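The sequence and structure come first.

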Amino acid sequence: MELPSFSFQDRNTWIERMSREDFDLVIIGGGITGAGVARDAASRGMKVALVEARDFAEGTSSRSSKLIHGGIRYLENLEFHLVFEALSERRLLFELAPHLVHPLRFVLPMYKGTRVPMWKMSAGMWLYDALSMFEAPEPHERLTSDETVDRLPQLQSKNLMGSFVYSDAYMDDDRLTIETHRSAINNGALCVNHAAATGARMTNGKVSSVECKDQFTQKTFTIKGHHFISTVGPWTDKVATSLLGAWHKVLRPSKGVHLTFDRNRLPLSQAVVMAEDKRIVFGIPRHEMIIIGTTDTDFQGNPEDVRATEEDVRYLLKVAGEYFPGANLTAEDIISTYAGVRPLVNDGSATEGKTSREHLIYADPRNVTFVAGGKYTTYRRMAEQTVEAALQNFSVEEQVRFKNNNTETALNPLATPDKFNEAQRQIKSWAKQSGWSEAAVRILVDRHGAEAADVLEHMSSINAETEAERLWAAELRHAVRYTMCTDLISFYVRRAPLFLSFRDHGLSLVLALGRAMQEELGWSDSQRQAQERSVYDYVQKELGWKQAFGITAASF
């Protein structure tokens with residue numbers, strides 16, 4: 001089955017269509033919430049246009065802990081409905097995107113003097129299983145201290161009373177966002193990146209169109225719509241003010257930072273839950289790397305400027321050192337860091353950690369529906385509720401016509417659970433047919449399901465010196481044609497794990513990938529060279545904290 005094109009060329013065509021057609025819904029913001037709203041609305045038969053000012057998932061949606069989880073710590077805040085909803089969506093996401101959402105066991109060590117006693121944690125585990133309707137990949141376990149250390153030899157054993165083990169999941173957050181966009185366009189939506197909404201035109205006190213600017217050509221265009229939805233996350237207050245003028249701020253932005261390590265440096269087979277100062281820090285094995293995070297601190301400023309600081313790094317290293325003292329982790333061991341801003345709704349809580357992860361859907365009488373807050377895990381349900389709220393601005397006949405959605409089916413018809421399992425069984429034969437190693441083919445199947453066959457076809461026509469260069473050049477070609485990847489940084493950071501998990505951040509591949517993208521997009525030599533330099537500049541900027549530890553540019 002051939003999936004529809006989703007390329008830079010499509011982007012130009014769709015912008016032209018956006019400027020001359022009328023739409024039922026116009027969505028501003030292309031993170032996971034915007035993608036979910038576009039998919040939900042398009043599946044109902046609505047005519048949908050979506051614009052994203054930067055790249056899809058460039059903000060919070062690619063900077064999460066990369067977990068699909070019910071949120072066991074929310075039980076302490078008595079947010080039972082939120083946990084139940086998240087666990088229900090977790091179960092569904094295993095079916096919607098099996099190549100992007102994977103079951104994972106979590107170990108929660110319990111030490112003497114811990115704030116939550118064993119009996120209370122045991123009750124919480126039974127409640128967590130019950131809220132999942134006992135449909136978790138595996139039920140929870142209670143381990144003794146010896147059993148815990150046997151399972152996790154790296155763990156601090158001093159004062160260890162035992163542990164609890166439960167199921168949740170890890171995921172590829174950026175690619176899940178982009179796959180949701182692909183599903184939306186497969187249902188007829190038009191989604192474009194690097195097109196910023198800069199203003200609104202009003203008719204009788206209501207927004208009737210939004211003015212946009214193409215960030216590549218600098219040309220402006222106008223999109224007319226029946227109703228408008230803002231899904232811009234931590235930019236909600238800023239965008240609302242720029243579009244509408246008078247606005248009461250609704251957010252309490254929170255900064256979250258993560259560190260990444262090589263799996264050989266900290267060989268965790270299961271995730272570890274580390275309780276620190278009433279916060280939760282996770283140690284998460286994910287594909288090629290281990291993630292340690294997150295922080296949770298109030299953030300003021302432009303979300304585009306958020307980055308890890310020396311203080312953030314020292315805090316997370318301290319927590320990791322307390323739980324894994326034998327690992328002797330230092331700043332030198334850190335491969336990468338990433339930071340994001342959570343668009344939490346200000347509910348008056350005393351601390352960032354106590355602020356609810358519930359979302360807010362606000363219907364502004366000026367014909368704009370705003371959605372903010374929420375958890376990544378519940379994005380599909382949040383999108384459904386947002387569209388249902390927006391439908392209140394349509395006639396009764398239209399509400400009936402657009403009543404039913406279809407978002408409980410697989411995002412990618414080539415990555416259903418059956419096709420994903422079949423593709424895994426084909427790894428050996430595909431490797432033999434293509435002449436590539438089984439390891440390379442397994443990477444493609446794990447990332448794309450049966451669509452890996454398409455990437456393998458690309459590999460056969462790519463000239464490169466090494467298998468690694470050919471593999472990632474084939475991935476890049478697929479990303480340009482089917483995920484609207486428009487530049488090298490977007491590929492390195494949101495289409496592939498190069499920046500986060502490669503010790504050299506993929507810089508050894510930059511010339512090969514620059515040439516591959518030049519061929520795809522028709523860049524001049526000077527444009528290609530500027531793109532290659534931009535990758536180096538990005539690495540330097542994101543990892544600027546390393547200077548405080550005496551780590552020079554040459555060593556990273």
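His505 is placed in the loop between α17 (498–501) and α18 (510–521); helices (H or I, at least four residues) and strands (E, at least two) are DSSP runs, numbered from the N terminus. The model is predicted: local features need pLDDT of at least 70 and side-chain atom pairs count only at pLDDT 80 or more, while totals for chains, interfaces and linings use all residues. Residues are numbered from 1 along each chain as its sequence is written, and side-chain values use heavy atoms, with hydrogens and water left out.

**Backbone**

The phi of His505 is positive, about 60°, although His505 is not a glycine. His505 is buried, with a relative accessible area of 0%; buried means under 20% relative accessible area, exposed over 50%, and partly exposed in between (1.4 Å probe, protein chains only). Leu78, also not a glycine, has a positive phi near 65°. Leu78 sits in the loop between β3 (67–68) and α3 (80–96) and is exposed, at 60% relative accessible area. Gly293 and Thr294 are joined by a cis peptide bond with omega of about 25°, and Thr294 belongs to the loop between β14 (289–293) and β15 (297–298).

**Aromatic rings**

Across the whole structure, 15 aromatic pairs are found. Rings of Phe, Tyr and Trp (its six-membered ring) pair if their centres lie within 6.5 Å; planes under 30 degrees apart count as stacked, over 60 as edge-to-face and the rest as tilted. Two of the pairs are tabulated below.

| Pair | Centre to centre | Angle between planes | Class |
|---|---|---|---|
| Phe106 and Phe282 | 5.9 Å | 85° | edge-to-face |
| Trp545 and Phe549 | 5.7 Å | 85° | edge-to-face |

Phe106 in strand β4 (residues 101–111) and Phe282 in strand β13 (residues 279–286) are 176 residues apart, and their pair links distant parts of the chain. Phe106 is buried at 0% relative accessible area, and Phe282 is buried at 11%. Phe106, Tyr128, Tyr166 and Phe282 form one aromatic cluster. In the other tabulated pair, Trp545 is buried at 5%, whereas Phe549 is partly exposed at 23%.

Charged side chains also lie over rings. The criterion is NZ of Lys or CZ of Arg within 6 Å of the ring centre and within 35 degrees of the ring normal. Arg54 lies over the face of Trp235, 4.1 Å from the ring centre, and Lys66 lies over the face of Tyr338 at 4.7 Å.

**Nonpolar cores**

A nonpolar core is a set of buried Ala, Val, Leu, Ile, Met, Phe, Trp, Tyr and Cys residues joined through side-chain atoms within 4.5 Å. The largest has 105 residues, of which Ile292, Phe324, Phe491, Tyr492 and Leu513 touch the most other members. Another core lies apart from it, with 54 residues, among them Phe6, Ala38, Ala42 and Ile229.

**Cavities**

A cavity is a set of points, on a 1 Å grid over the protein atoms alone, where a 1.4 Å probe fits but cannot get out; lining residues have an atom within 4 Å of a point. Grid points are joined across faces, edges and corners, and a volume is the space filled by probe spheres set on the points. There are seven cavities of 30 Å³ or more. The largest cavity holds about 160 Å³ of space. Its lining has 14 residues, and Arg175, Arg182, His448, His478 and Thr483 are the closest to its centre. Helices α6 (173–186), α13 (438–448) and α15 each supply at least two residues of that lining; α6 gives the largest share, four residues.

Definitions and conventions. 1 Å grid on protein atoms, 1.4 Å probe; cavity = no way out; pocket = protein on both sides within 12 Å on 5 of 7 lines; lining within 4 Å.
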